[in-house]
Amino acid sequence: MKPAGPEEEATHASDAASEPGAAPGYLPRLLSAAAYVSLAASDRALERFGLDRSSYGLLEHLAAEPAPAQELAAATGQLLPAVEKHLMEFRSAGYAVPDGSGTWAVTDAGARALECAHLAQSEADLGAEDSRELREALHCLIASLRRGQPNGQIPS
């Protein structure tokens, strides 16, 4: 029997990589997909209130302590133009207003929106029970993938 050449070995490797669970890093890809689904659900929850993760964090910070745009940028790690853009959006939505000295504060409407967004986002996040169920489901999936492997092992 003739030894397999490089082309044949490459074909076998690519065939193996297309099998579920056979490709290196399959479990991290599953976990990454689960994290993506969780973040997407969180983003959809925030969108209902005209917010994204960046503006949500900024509004939370502003609700904790009124501050001028420069301080908000430094405290949140966002660039000043991005903070100013969010502040203008907050003003348009009625979520925050500046005082005469340029210090921004959350309005009652902003506090209510923040509370509702927080509740909606927490509903979208995985709770302890959901996290346990996800881990159990992943363990079952891994076990089923191992049964499909000739040596019972999932390559990593």
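The model is a predicted one, and its chain holds 7 helices and 3 strands, which run from the N terminus in the order α-α-α-β-α-α-β-β-α-α. Of the 156 residues in the chain, 25% are buried, and the accessible surface comes to about 10100 Å², with 58% of that area belonging to carbon and sulfur atoms.

**The nonpolar core**

The largest nonpolar core has 22 residues, and the members that touch the most others are Leu51, Leu62, Leu72, Val83, Leu87, Phe90 and Tyr95. At least two residues of this core come from each of helix 2 (26-47), helix 3 (53-64), helix 4 (69-76), helix 5 (80-93) and helix 6 (108-124).

Leu51 lies in the loop between helix 2 and helix 3 and, at a relative accessibility of 4%, counts as buried. Beyond its neighbours within four places in sequence, Leu51 touches Leu46, Tyr56, Leu59, Phe90, Tyr95 and Ala117. The C-alpha atoms of Leu51 and Leu114 are 9.3 Å apart in space, although 63 residues separate the two in sequence.

Leu72, another of the core members that touch the most others, has contacts with Leu58, His61, Leu62, Ala67, Val83 and Leu87 when neighbours within four places in sequence are left aside.

Which residues of helix 4 are buried? They are Ala69, Leu72 and Ala73, and, seen down the helix axis, the buried residues fall within an arc of 100°, so they line one face of helix 4.

Helix 4 is followed by Gly77, which has a positive phi near 75°. Gln78 lies in the loop between helix 4 and helix 5, and it is buried because its relative accessible area of 17% is under the 20% limit. The side chain of Gln78 reaches the backbone oxygen of Ser54 at 3.1 Å, and, leaving aside neighbours within four places in sequence, Gln78 is in contact with Ser54, Leu58, Ala73, Val83 and His86.

His86 is found in helix 5 and is buried, with a relative accessible area of 7%. Among the residues that His86 touches are Gln78 and Ser54, and the list, which does not count residues up to four places away in sequence, also includes Asp52, Ser55 and Leu58.

How many salt bridges does a search of the whole structure find? The search finds 1, in which the side chains of Glu89 and Lys85 meet at 2.8 Å, N to O. Glu89 and Lys85 are 4 residues apart in helix 5, so about one helical turn separates them. Glu89 is partly exposed, with a relative accessible area of 34%.

Val106 has its place in strand 3 and is partly exposed, since its relative accessible area of 22% falls between the limits of 20% and 50%. With neighbours within four places in sequence set aside, Val106 is in contact with Leu59, Leu62, Ala63, Tyr95, Ala96 and Ala111. Val106 and Arg91 are 15 residues apart in sequence, and their C-alpha atoms are 9.3 Å apart in space.

| Residue | Relative accessible area | Class |
|---|---|---|
| Leu51 | 4% | buried |
| His86 | 7% | buried |
| Gln78 | 17% | buried |
| Val106 | 22% | partly exposed |
| Glu89 | 34% | partly exposed |

Note on methods: Residues are numbered from 1 along each chain as its sequence is written. This is a predicted model: local features need pLDDT of at least 70, side-chain atom pairs count only at pLDDT 80 or more; totals for chains, interfaces and linings use all residues. Side-chain values use heavy atoms; hydrogens and water are left out. A nonpolar core is a set of buried Ala, Val, Leu, Ile, Met, Phe, Trp, Tyr and Cys residues joined through side-chain atoms within 4.5 Å. Buried means under 20% relative accessible area, exposed over 50%, partly exposed in between (1.4 Å probe, protein chains only). Contact means heavy atoms within 4.5 Å. The arc is that of the directions from the helix axis to the C-beta atoms. A salt bridge is a side-chain nitrogen of Lys or Arg within 4 Å of a carboxyl oxygen of Asp or Glu. A polar contact is a pair of N or O atoms within 3.5 Å; within protein, one must be able to donate a hydrogen and the other to accept it, and residues adjacent in sequence count only if both atoms are side-chain atoms. Accessible areas come from the Shrake-Rupley method with a 1.4 Å probe; for residues, only the protein chains shown count as cover.
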